[in-house]
Amino acid sequence: MTMFEPQIMCFLCKWCTSAAADAAGTSRMHYAPNNVNLRVMCSSRIDPQHILYAFKEGADGVFIGGCHPGDCHYVEGNYKTLRRVTLFKKILQDLGIDPKRLRLEWISAAEGKKYAETMDEFASQIQALGPLQLKEKALAREVVKDE
Amino acid sequence: MTAKKTDKKDKKDKRIGLFVCHCGVNIAGVVDVEKVAETMKDYPGVSFSANYVYMCSDPGQQMIIDTIKEKHLDGIIVAACSPTLHEKTFQEAARLAGLNPYQIEIANIREQDSWVHTDKAKATKKAVKIVKSHVAKALQNESLEPVKVDVNRRALIIGGGVSGLQAALDIADHGYEVILVEKNPSIGGKMIQLSETFPTLDCSQCILTPKMVEVSRHPRIKLLTYHEVDSVSGFVGNFKVKIRKKPRYVDETLCNLCGECEKVCPQVVSDEFNMGLAFRKAIYMPFPQAIPGTYTLDAEHCLGLTPVRCGKCKDVCDKKAIDYDMKETIIEEEVGAVVVATGYDLYTMQAIGEYGGEKYEDVINGLEFERILSASGPTGGVIRRPSDGQVPKSIVFVQCTGSRDTEKHNPYCSKICCMYTAKHAMMYRHRVPDGQATVFYIDVRTGGKAFDEFYQRTIEEDRVLYIRGKVSKIFKEGDKLIVWGVDTLTGKKVEVEADMVVLAMAMVKADGVMDLLKKLKIATDIHGFLAEAHPKLRPVESLNAGFYLAGCAHGPKDIPEAVAQASAAAAKVGDLFAQKELSHDPTIVPVNDELCSGCGICISMCPYSARSLDLERGVAVVNEILCEGCGACAAACPCGAAQQRNQTDSQIYSMLTAMLGE
């Protein structure tokens, strides 16, 4: 049996976590190729709707990486992200999506190793949760309704 | 001031070029670059797709330039290394080919793909996804031009201490006009109150007064003492400042310092310049070398301003300089940069009750001891204790009073106390050779040029006793002060009898400065000291563009450091003023008036105060110079009216679909 390969959508802030992802590359740290990255200027640019959209489009897990508290390039963007993500996890629960599928981490530009390790760890965590298949489930429900 | 948007093409008509880089084997060793280029050839929007061994090489760049021209490309994707490395290189190449640099996308398939994965098929698949997402974004990119704005080449300096004076002189010497605002009647700050300065023992007044005179005579410095900044609005290069002129009740242009008014004034009050150790009249000059050289009438204590007028000083003034009807006025100025040099204050005695600073006259702080040491001070430089004027035969100096105490007081080191305590103890031993000086310390920190040598001299030549340990209590027995402490090197309790105790109080934010900083909207750290834009790389700039920091307002520091920082801030102001016009990244978050409901949520999101409400139109407006493009407002806007240029919600959704949904 082939293992389920999760799709992980990463939103990375330009100043810290995207730089950490670059640092992991420069140091040739290997991790599972389950993720695709979208670089934003600040983690606070991420609207909960983006996260939901990523799940809808087939992501099994969504990762958000920002600067450590106090280190935000834009003073306090990461605190805004923290508040939004905390609240949004409750909404995910109500929507029937396991909040563990959404992960927020502070990874500084110097922490390439932490980034690589987090990617592997999150991938295996999502692997254990299994596929989300939001789109498929939604389509199936449509079929039931039609009948 | 608005960014120009040009040649906005419908995304369906856009012609995108893709250039996949091998980076030798760095990318091509893992990612099948030819396959990526081949797969993408027929992807919607892609008009050209190629791969090349080193895109960043001259031939690689030439290939980009030629292809843009030949194929009439509207946008390009370079799939290569991280954008932090060559984004500028490829933007410049595109510019040479006549393409707007904001039409360039860098797909990172090296640091975030080939270098971190080993499975070639999977890494290639991932590279395709990454490239697709950038095509999706590129199809919706707008051509942008940097936002341009003029610079007003005048600087405002807030604070007339040594930092403010140095910054003012430097900026004025660069050839720019300076407005220096000081809230007190004279410039000079804390430094003018000091006696000697460590480690050279220069007379503080002797080295500062020439600078004060230079400032007052400089043709490009407008000196506004007894003024306070009321408000600052606008943005970098274009600030509008309101300055409140406090009534001095003495016309400084007429006052000839004859001093007759002071002689007849019946009101005797505590003298702030001498830290309350002496008295002055209600009409006074703070100190003999005060600049501007004029008397000031202290309305709070004057009898004449009450309905039953005393009027004695006015009667004796030959020059008719005294005017009881002087009113507060507001002056407006326009400047391009603001240097904040608001200084510090000492931690209050009340905060540490067990040391008895409030109860006992002979427990004093470091600045009071400076006045006692000073030749211009209340005792003419003879060390006498405040209670009875006796020469103290034993003084205990307590370092770190209120500093380095994470539990009750300030967790930080006040930095200068080790050195000034050594100086105090040394000066005391010089002037009272049979006196005993004892210093309680936690650590002695003497990092600085010739600092440790000075400290060694205090111990070896002047035989000051240093006890490593903290003081628990100070109380009075008879006419002696008893200091209880611990010697942590022997582990024993210590009791020292003293005639006087000098507490090296922590340096804290200047009294009342928070109101001002709120008006300036600049950030502080948790202790109320100014926050720098970057602790290593931008130490003299505030995160708010156009504001610069100097001196102890930014944190405890000694005179040379404060002066160096002031000069650095002045140099940074010079950088700003040397620009013809200011340009700013245009990838900001504008407001779509048609969608905006005027709810104001975005305004509360903005850390830069770049957004405000246009009450007339009921919509949010953005100051494009202040907006740094973080996008926090875009994520919060419930109407989709706030959209970040070249990273709109639509672009993000298209990228997600391209990466996940296909």
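This is a short tour of chain B, from its overall form down to one pair of residues.

The model is predicted, so to speak of a local feature a pLDDT of at least 70 is needed, side-chain atom pairs count only at pLDDT 80 or more, and totals for chains, interfaces and linings use all residues. Residues are numbered from 1 along each chain as its sequence is written, while chains are lettered from A and ligands numbered from 1 in the order in which they are written.

**Select chain B.** Its C-alpha trace spans about 95 × 65 × 40 Å along the principal axes. The radius of gyration, taken over C-alpha atoms, is 33 Å. A compact globule of 662 residues would have one near 26 Å, by the rule of 2.2 Å times the number of residues to the power 0.38.

**Colour by burial.** Buried residues are 50% of the 662; buried means that 20 or more other C-beta atoms, placed from the backbone, lie within 10 Å of the residue's own.

**Show secondary structure.** Chain B has 18 helices and 34 strands. These are DSSP runs, numbered from the N terminus: helices are H or I, at least four residues, and strands are E, at least two.

**Find the open sheet.** Five parallel strands of chain B lie in the order 12-9-8-20-31. Two strands pair if DSSP finds at least two bridges between them. Which strands stand at the edges? Strand 12 (221–225) and strand 31 (547–549) do; each has a single partner strand, so one side of each has no neighbour in the sheet.

**Zoom in on strand 9.** Select residues 177–182 of chain B. Five bridges join this strand to strand 12, and the two run parallel. Finish at B:Ile179, which stands opposite B:Lys222 in strand 12.

How values were computed: A residue is buried if 20 or more other C-beta atoms lie within 10 Å of its own, exposed if 12 or fewer, and partly exposed in between; C-beta atoms are placed from the backbone.
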